[in-house]
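Q: Could you take one part of this protein and go through it closely? I would like to see how it joins up with what lies around it.

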Amino acid sequence: MVAPSPYSLIATDLDGTLLRADDTLSDRSLAALARAGRAGATHLVVTGRPAPRVRPLLDDLGCTGLAVCGQGAQVYDAGTHRLLWSVTLDRELAETALGKVEAEVGQVYAAVDQDGVDGLTLIEPGYLMPHPTLPALRVDRRDDLWCAPISKVLLRHHTLSDDELAATARAVVGSLATVTMSGPGTVELQPCGVTKATGLALAADHLGLCPERAIAFGDMPNDIPMFDWAAHGVAMANAHPELQARADEITTSNEDDGIAVVLERLFV
């Protein structure tokens, strides 16, 4: 029998956290999550990936419940294949924000995640997907990015680091959008005020769960709001220094089953 744990909600990022570099889930991690589930804990994926790019992974996890996607812009119900909640980034504001960034740093390369359970990821010429395994459709012109409602814009720069690009974007974008850094080569603009914490709070409320009994795992600065919301934040050994500084605990890396290491201790 699994011993009781102080945590009834386990919120995990995917890339660099639950997933290994090859986008796979280890047997050890799956077993640890299953053990926590038998003890009554609910696992919520909380990811920057949009809902259409999360479905195969939810299938691997055997998840038929909720997932927080798109940096908190979407609460997706895997069982019914629908969005319980979503918010879009105004496309005119996105264009304006992009122009302000380029006025400071020169040309950037952009991509967008479209809204909806079947939304596409569109990339403009010159943009390189940070996760080559994720499907994307290349368009001919930047104007083509705005052909349908979007949940976020992804930015890359040919010389600036992610930290430099994110800092500049935050300085010039203001209230036009929320700026996040969610992984190597991934600086994003999303609806103003939307973070992983807003989506997680909505999903938790829907499930009758509270932050006081939540533990969160992550690896990048976009996980900071999630750590601030949850009772306990666990950063991976491979996490960005900014997140590690805000964490309550640092576990081993995603390649070394860092989530499982903690869950095996909590659910003995």
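A: Start with a pair of residues: Ala235 has Ile250, in strand 14, as its bridge partner. Strand 13 (residues 232-235) and strand 14 (249-250) run parallel here, paired over two bridges. Two strands count as paired if DSSP finds at least two bridges between them. Helices (H or I, at least four residues) and strands (E, at least two) are DSSP runs, numbered from the N terminus.

A word on the model. It is predicted, so local features need pLDDT of at least 70 and side-chain atom pairs pLDDT 80 or more, while totals for chains, interfaces and linings use all residues. Residues are numbered from 1 along each chain as its sequence is written, and side-chain values use heavy atoms, leaving out hydrogens and water.

Now widen the view. Eight strands make an open sheet with mixed pairing, in the order 5-4-3-2-1-12-13-14. Strand 5 and strand 14 are the edges; each has a single partner strand, so one side of each has no neighbour in the sheet. Strands of a sheet pair through backbone hydrogen bonds, either parallel or antiparallel.

Helices lie on this sheet. Contact means heavy atoms within 4.5 Å.

Stay with helix 9 (258-266). Its residues Gly258, Ile259, Ala260, Val262, Leu263 and Leu266 are buried. Buried means under 20% relative accessible area, exposed over 50%, and partly exposed in between (1.4 Å probe, protein chains only). The cover over these residues includes strand 1, helix 1, helix 2 (27-38), strand 12, strand 13 and strand 14.

What leads into this helix? Asp257 sits in the loop between strand 14 and helix 9. Asp257 is not a glycine, yet its phi is positive, about 60°. Asp257 is buried too, at a relative accessible area of 13%.

Go to helix 3 (residues 51-61). Ala51, Pro52, Arg53, Val54, Leu57 and Leu58 are its buried residues. They pack against helix 1 (14-18), strand 2 (42-46), strand 3 (66-69), strand 4 (74-77), strand 5 (82-86) and strand 7 (121-123). Gly62 follows helix 3, with a positive phi near 70°.

The loop between strand 3 and strand 4 holds Gln71. Gln71 has a positive phi of about 60° and is not a glycine. Its relative accessible area is 1%, so Gln71 is buried.

Glu188 is part of strand 11 (residues 186-190). Its relative accessible area is 2%, so Glu188 is buried. Its side chain makes a polar contact with that of Ser182, at 3.0 Å. A polar contact is a pair of N or O atoms within 3.5 Å; within protein, one must be able to donate a hydrogen and the other to accept it, and residues adjacent in sequence count only if both atoms are side-chain atoms.

Strand 10 and strand 11 are antiparallel, with five bridges. Val179 stands opposite Leu189 in strand 11.

The largest cavity has 24 lining residues; Arg49, His131, Leu134, Leu154 and Glu188 lie nearest its centre. Its volume is about 270 Å³. On a 1 Å grid over the protein atoms alone, a cavity is a set of points where a 1.4 Å probe fits but cannot get out; lining residues have an atom within 4 Å of a point. Grid points are joined across faces, edges and corners, and a volume is the space filled by probe spheres set on the points. Strand 6 (109-114), strand 9, strand 10 and strand 11 each give at least two residues to the cavity lining.

Notes: On a 1 Å grid over the protein atoms alone, a cavity is a set of points where a 1.4 Å probe fits but cannot get out, and a pocket is an open set with protein on both sides within 12 Å along at least five of seven lines; lining residues have an atom within 4 Å of a point.
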